[in-house]
Amino acid sequence: MESPSSQSSPDKFRSDKESQPERESYPAQDVSGRSVDSAWAQPVSRLRVENVPQGLTDINVRDHQVVNPTHGFGQMWQKTYHVRLSGVKITPAEVMRYWKASFPALQPPGNHFYPSLAGIQPGEILMINALLPVFPDTPGIIPMTSGVMVLYSDDTTFTVMTPQGFPESGWNTFSTFEEDGVTIAQIQSLARASDPVYEFGFRLMGGSGMQEKTWRHVLTSLARQFGVSGSFEMYKTCVDPRVQWNQAKNVWHNAAFRTLGYIIATPFRWIAHLFRPARPS
Amino acid sequence: MSKVNVNMNARPVEKNAFVIDIVGEVNSFAENSLMDAYTEASSAGAKAIILNFSGLDYMNSSGIGLLVTLLIRVKRQGQRLLACGLSDHYRQIFALTRLNEAILEFPDEQAALADL
């Protein structure tokens, strides 16, 4: 299920008002005049998904807490990926408008994002259906269904925060900005692997490489939409090389295990449904 | 045009603590300012760092991320990191991101110092 707007041309997101000056996000409001206070999600203790897309389950999101990098198990990494949109006259805000509207369409095969009807707005949940690899440099085969919460969204930035059980504990920030007259699209993650199994997967089973390929695909696809090949760069820093053994218990929430369990239990749920007593009229 | 729009000043207070007064915007461009202020405090022997947000104009999600990287550096040195002066809005942000579980926040500098 993809957002209808993901099929829009990038030209649709260029400003129609040539006279409207482009300005950076100042403290009080963004370029659309919206207060930046409204750029943040409202406090929430447990996540809820209003409309679960057909064919997906919210078992790895419903009633889960969001987690920041201090809640994860593995090493903490900050990874920055960016692409320079050289040779095309387009503002950071215009690129971000297109990016938000086309987010699912820019993903590599096997990685499916399902924004809510409200789209990428603060507090909304983006459901995710992905395949995780078992061996390095092989396609993903382990299904994982989960979601991320839009923590923050303004006209040039949005950040998603992960729930318990997601492969990483932390957040990803997608942003656009101008440098030396060139618009740059950037993805920056700050996260730890959530539990020892994921840490093993990231370090030894190709998880880290797959993640880097995914974001390279997203950024180069975004650049292609604007008619540029875009020079892609990646930087990564190990912010904390230590693992947090007191968070090993996070494996209880492991979304990949729970998704597998849900799939395996599907026939039994179907049988149980057949034998459920009919509700009295 | 410079995108750095923050001033961070580290000053010593009692109990081997330093206060970093944050004035302006905390976003990704504030990283050098924040880390420089922390280095100054840590080099002077600070056992605790109190981030004073009473002069904060604006913080976005990148700014929140900076606090996490600062927290790692502080913990590695065996120091404590506290916050004070947050507005109601940013106190909610701390709760939303669950940063308040790692960085205790207080109404003002005196309350933070009393906890040391």
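Apart from its neighbours within four places in sequence, B:Ile49 contacts B:Phe18, B:Ile20, B:Tyr38, B:Ala41, B:Val74, B:Gln79 and B:Leu81, contact being taken as C-beta atoms, placed from the backbone, that lie within 7 Å. The model is predicted, and local features need pLDDT of at least 70, side-chain atom pairs count only at pLDDT 80 or more, and totals for chains, interfaces and linings use all residues. Residues are numbered from 1 along each chain as its sequence is written, while chains are lettered from A and ligands numbered from 1 in the order in which they are written.

A residue is buried if 20 or more other C-beta atoms lie within 10 Å of its own.

In chain B, five strands form an open sheet of mixed pairing, in the order β1-β2-β3-β4-β5. Strands (E, at least two residues) and helices (H or I, at least four) are DSSP runs numbered from the N terminus, and two strands pair if DSSP finds at least two bridges between them. From one strand to the next the twist averages 25°, with axes fitted to C-alpha atoms, for helices over the stretch in contact, and angles running from 0 to 180 degrees between N-to-C directions. β1(B) and β2 (residues 17-26) of chain B run antiparallel and are joined by seven bridges. Within this pair, B:Arg11 stands opposite B:Val19 of β2(B). Helix α1 (residues 31-43) of chain B packs on the sheet, where it touches β1, β2 and β3 (48-59) of chain B, and its direction makes about 10° with that of β1(B).

The contact between the chains takes 23 residues from chain A and 19 residues from chain B. On the chain B side, β3, α2 (61-76) and α3 (88-96) each give two or more residues, and α2(B) supplies the largest share, six residues.

Chain A contains five helices and nine strands, and 44% of its 281 residues count as buried. Its mean pLDDT (the predictor's confidence in each residue, from 0 to 100) is 86. Over residues 15-28 of chain A, pLDDT stays under 50.

Definitions and conventions
Two residues are in contact if their C-beta atoms, placed from the backbone, lie within 7 Å. A residue is buried if 20 or more other C-beta atoms lie within 10 Å of its own, exposed if 12 or fewer, and partly exposed in between; C-beta atoms are placed from the backbone.
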